[in-house]
Amino acid sequence: MSVLVIGGTGTTGSRLAALLPDARVGTRKPARPGQVRFDWDAPETFESALDGVHGVYLIPPVGVVDPVPVVESFLSRARFVRRVVLLSSSAVPESATGMGALPALVRSAPEWAVLRPSWFMQNFTGDHQVAAGVRDGEIVTATGAGRVGFVDAADIAAVAARALTDPVPHNTEHLVTGPEALSYADAAAIVSELTGRVVRHRSVSTAEMADRIALSVPREFAALLAGLDEDIRGGAEDRVTTTVEDVTGRPARSFREFYAEHLGRTSTG
Ligand SMILES: NC(=O)c1ccc[n+]([C@@H]2O[C@H](COP(=O)([O-])OP(=O)(O)OC[C@H]3O[C@@H](n4cnc5c(N)ncnc54)[C@H](OP(=O)(O)O)[C@@H]3O)[C@@H](O)[C@H]2O)c1
């Protein structure tokens, strides 16, 4: 099956593309063989990116409060695509509008799966705000002592690969978490232990968090993200599932293993 991986250069998409050697990697700036131009802001790129494709890994446009119109427009051009796997989020409940309305659109594909991962372990590395906190020695969130089933993007990609290629379509939602729920303070303690450098967690109010996030993204989106921290504070993400093992046959990676590998070490715990 030929698969278009939207966001194929990103956190989950690049890992998925590595698992599917024939994948067509959607990117705004194709530079290598196997890459095709795909831009949510340029609908004229949709048809050529979809040409001859049987499956799509669909990452909705990033940072858009209501992605429904553009995703609808994309799917209307993808009617011959058999299977669509949507990357949603455990933090986004089904709703009539916005991100929460996308699962309903995807369920109209002949074969489908909706991935609802918890928060990515990769947020602690790279250019995410949490990673910046790790570098500064202080992670700031509005999550309080709320716990999160942090999940490795490699595990999300492994579930996506099975959802896209298994002969029997999954036709279901997968709530994807890591093996344990950790507070940001718990995660900071693991990072401190592994790096030998003190990293703390400081919880602020939702309003203060929204102000901080709004320094780098539009205010409406910042408010939405700060609200997700508040949900964590209320316990919404304090859960783990066995989805990774059920779907892939191997257990999900722990945060300790993930971060040790990030540091180029083998985990001892
Ligand atoms: N971070 C978390 O903790 C978390 C948790 C649950 C769910 N999620 C969901 O994960 C999704 C993001 O997935 P990800 O982390 O795998 O992706 P990502 O790393 O944030 O980015 C994916 C790729 O999207 C591409 N892109 C950016 N703007 C684009 C546009 N206008 N048109 C087409 N492509 C564009 C970029 O590739 P090019 O530059 O090559 O074009 C980028 O590499 C979001 O929907 C988020 O809600 C995240």
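Mentor: Gladly! Let us begin with Arg83, which counts as buried because its relative accessibility is 3%, below the 20% cut-off for that class. Please keep in mind that this is a predicted model.

What does the side chain of Arg83 meet in a salt bridge? The partner is Glu111, with an N to O distance of 3.0 Å. Arg83 belongs to strand β5 (residues 83-87), while Glu111 belongs to strand β6 (residues 111-117). The two are 28 residues apart, and the pair links distant parts of the chain. Glu111 is buried as well, since its relative accessible area of 13% is under 20%. As a general point, side chains of opposite charge can pair when their charged atoms come close.

One group forms a network that links Glu94, Arg107, Arg116 and Glu173. Another salt bridge joins Asp211 to Arg219, where the closest N and O atoms are 3.0 Å apart. Asp211 is partly exposed, because its relative accessibility is 42%. Glu261 pairs with Arg253 in a salt bridge, with 2.8 Å between the closest N and O atoms. Glu261 is likewise partly exposed, given its relative accessible area of 48%.

Now for the domains. The assignment for the protein chain gives domain 1 as 1-117 and domain 2 as 120-150 + 178-237 + 254-269. Their centres, taken over C-alpha atoms, are separated by 27 Å. Nine residues from domain 1 and six residues from domain 2 take part in the contact.

How much area do domain 1 and domain 2 bury between them? The figure is about 700 Å², and 71% of it is on carbon and sulfur atoms. On the domain 1 side, Gly63, Val65 and Ala91 lose the most area to domain 2, together making up 51% of what that side buries. Across this interface, the count of salt bridges is zero. There is one residue pair in polar contact between domain 1 and domain 2, with both residues at pLDDT 80 or more. Helix α1 (residues 11-19) supplies three residues, the largest share of the side of domain 1 that touches domain 2. By residue class, that side of domain 1 divides into four nonpolar, four polar and one charged.

Finally, have a look at the loop between α6 and β9, where Asp166 lies. Is Asp166 buried or exposed? Asp166 is buried, because its relative accessible area is 15%. The side chain of Asp166 is joined to that of His170 by a polar contact of 2.7 Å.

Asn171 is also found in the loop between α6 (153-165) and β9 (172-176). Asn171 is partly exposed, because its relative accessible area is 34%, which falls between the 20% and 50% cut-offs.

Conventions: Residues numbered from 1 in each chain as written. Predicted model: local features only at pLDDT ≥ 70, side-chain atom pairs only at ≥ 80, totals over all residues. Heavy atoms only, no water. Helix = DSSP H or I, 4+ residues; strand = E, 2+ residues; numbered from the N terminus. Buried < 20%, exposed > 50% of the residue type's maximum accessible area, 1.4 Å probe, protein only. Domains from an automatic or database assignment. Contact = heavy atoms within 4.5 Å. Buried area = accessible area lost by both parts, 1.4 Å probe. Salt bridge = Lys/Arg side-chain N within 4 Å of Asp/Glu carboxyl O. Polar contact = N/O pair within 3.5 Å; in protein donor to acceptor, adjacent residues only side chain to side chain. Nonpolar A, V, L, I, M, F, W, Y, C, P; charged D, E, K, R; others polar.
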